[in-house]
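Have a look at the model below, and let's walk through it together as a set of questions and answers.

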Amino acid sequence: MEEITISEQDIVNALCLHLASKKGLSPNEIQIELMFDDDYGFSAEAYIGERKQILIEANIIEAIRFWIETEKGADPYAASLRLECDDEQGIVAYYQN
């Protein structure tokens, strides 16, 4: 099984695409800030106009699966996904199919 690394920028792109699709917006109208906390794990803040939305790890995984399906043309549910915080690369996802 091959493990593919999904960069922090691709995770941000996935969140923008997924939220834009759900809200009928352009991905350019959404700003994302990824976060990691030892107590709460992975999360993100999405800024859409003047509104802020908090996304939990499950929302991030859902967005990555959406991105895998729409941008990569792969089956997003046939793979395992995990998020990790890397000192050099930031927040990355590992996709294993």
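Predicted model: local features only at pLDDT ≥ 70, side-chain atom pairs only at ≥ 80, totals over all residues.

**Helices, core and charges**

Q: Is His18 buried or exposed?
A: His18 sits in helix H1. Leaving out residues up to four places away in sequence, His18 touches Glu62, Ala63 and Phe66. The cut-off for buried is under 20%, and His18 has a relative accessible area of 9%, so His18 is buried.

Q: How far apart are the end C-alpha atoms of H1?
A: H1 has 16 residues, and at 1.5 Å a residue they should span 22 Å.

Q: Which residue with a positive phi follows H1?
A: The phi of this residue is near 70°. The residue that follows H1 is Gly24.

Q: Which residues touch the most other members of the largest nonpolar core?
A: In soluble globular proteins, nonpolar side chains tend to be buried together. Here the largest nonpolar core holds 28 residues. Those that touch the most other members are Ile6, Ile11, Leu15, Ile32 and Ile64.

Q: Which element gives the largest share of this core?
A: The elements that give two or more residues to the core are H1, strand E2 (30-37), E3, H2, E5 and E6. The largest share is seven residues, and it comes from H1.

Q: What do the buried residues of H2 pack against?
A: The buried residues of H2 are Ile60, Ile61, Ala63, Ile64, Arg65, Trp67 and Ile68. They pack against E1, helix H1 (8-23), strand E3 (41-48), strand E4 (51-56), E5 and strand E6 (90-96).

Q: How far apart are the end C-alpha atoms of H2?
A: With 15 residues at 1.5 Å a residue, H2 should span 21 Å. The end C-alpha atoms of H2 agree with this, at a separation of 20 Å.

Q: How far from Arg65 is the nearest side chain of opposite charge?
A: Arg65 lies in helix H2 (residues 57-71), and it is buried yet has no salt bridge. A salt bridge needs a nitrogen and an oxygen within 4 Å. The nearest side chain of opposite charge to Arg65 belongs to Asp75, at 7.2 Å.

Q: Which residue has its backbone oxygen 2.3 Å from a polar atom of the Arg65 side chain?
A: Not counting residues up to four places away in sequence, Arg65 touches Pro76, Tyr77, Ala79 and Leu81. The backbone oxygen that lies 2.3 Å from a polar side-chain atom of Arg65 is that of Pro76.

Q: How many salt bridges are there?
A: Glu3 pairs with Arg82, their closest N and O atoms being 2.7 Å apart. Arg82 also forms a salt bridge with Glu84, at 2.8 Å. Glu45 and Lys52 meet in a salt bridge at 3.6 Å, N to O. The count comes to three.

Q: How far apart in sequence are the parts that Glu3 and Arg82 tie together?
A: The two side chains form a salt bridge. Glu3 lies in strand E1 (residues 3-6) and Arg82 in strand E5 (residues 80-86), so the parts they tie together are separated in sequence by 79 residues.

Q: Which residues are linked in a network of salt bridges?
A: Relative accessible area is 38% for Glu3, 36% for Arg82 and 32% for Glu84. Each of these values falls in the partly exposed range. The network links Glu3, Arg82 and Glu84.

Q: Is Ala78 buried or exposed?
A: Ala78 has its place in the loop between H2 and E5. Not counting residues up to four places away in sequence, Ala78 touches Gln96 and Asn97. With a relative accessible area of 52%, Ala78 is exposed.

Key. Residues numbered from 1 in each chain as written. Heavy atoms only, no water. Helix = DSSP H or I, 4+ residues; strand = E, 2+ residues; numbered from the N terminus. Buried < 20%, exposed > 50% of the residue type's maximum accessible area, 1.4 Å probe, protein only. Lys, Arg positive; Asp, Glu negative; His and termini not counted. Polar contact = N/O pair within 3.5 Å; in protein donor to acceptor, adjacent residues only side chain to side chain. Contact = heavy atoms within 4.5 Å. Expected span 1.5 Å × (residues − 1). Core = buried A, V, L, I, M, F, W, Y, C linked by side-chain atoms within 4.5 Å.
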